[in-house]
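This report looks at one helix and at charged side-chain pairs. Please keep the sequence at hand.

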Amino acid sequence: MLSLGTSLTNRNAAAVLRDAAARVAQGEAQIDCSALGQVDSSAVAVMLALHRDAAARGQSLSFVGVPQQVAALASLYGVDTLLTLSPRNPASVPAAAATESGIQSAADPLAAAGQAALHRH
């Protein structure tokens with residue numbers, strides 16, 4: 001199973017995508033997101049690109065251990081039903097980490113809106 005690491009933001013998204021896409025091309029079918037702690041909307045963009053690459057090859061791809069903040073962003077952008085997301089066990093994330101989790105603002109208005117929406121709840 002391929003891990004996306006601990007951070008997936010606009011700073012490293014291109015490198016993560018390049019490496020992960022190579023593994024998907026080799027037939028990787030599950031992506032482990034459980035270690036992700038620092039994310040922005042780039043995480044959802046990378047997941048969508050990987051999903052698209054797998055679909056183009058006739059493969060199915062699933063994302064396991066998806067942090068709540070990533071699932072919330074995917075839902076906000078309306079792509080949660082497109083991606084196969086298995087959430088991280090909420091008991092494994094301390095409450096403080098869930099609310100102050102390292103969601104970073106990306107350089108787009110949707111990311112700012114997503115961050116604001118997440119902090120309202």
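Buried means under 20% relative accessible area, exposed over 50%, and partly exposed in between (1.4 Å probe, protein chains only). The model is predicted: local features need pLDDT of at least 70, side-chain atom pairs count only at pLDDT 80 or more, and totals for chains, interfaces and linings use all residues. Residues are numbered from 1 along each chain as its sequence is written, and side-chain values use heavy atoms, without hydrogens and water.

Helices (H or I, at least four residues) and strands (E, at least two) are DSSP runs, numbered from the N terminus. In H1, the buried residues include Ala13, Val16, Ala20, Ala21 and Val24. They share one side of H1, because their arc around the axis is only 125°. That arc is taken from the directions from the helix axis to the C-beta atoms. On the other side of H1, Ala14 and Arg18 are exposed. The cover over the buried residues of H1 includes strands S1 (2-3), S2 (7-8) and S3 (30-32), and helix H2 (41-56); contact here means heavy atoms within 4.5 Å. Just after H1, Gly27 has a positive phi of about 105°.

The structure holds two salt bridges. A salt bridge is a side-chain nitrogen of Lys or Arg within 4 Å of a carboxyl oxygen of Asp or Glu.

| Salt bridge | N to O distance |
|---|---|
| Arg18 and Asp19 | 3.6 Å |
| Arg23 and Glu28 | 2.8 Å |

Arg18 is exposed at 55% relative accessible area. Asp19 is partly exposed at 47%. Arg23 is partly exposed at 32%, whereas Glu28 is buried at 15%.
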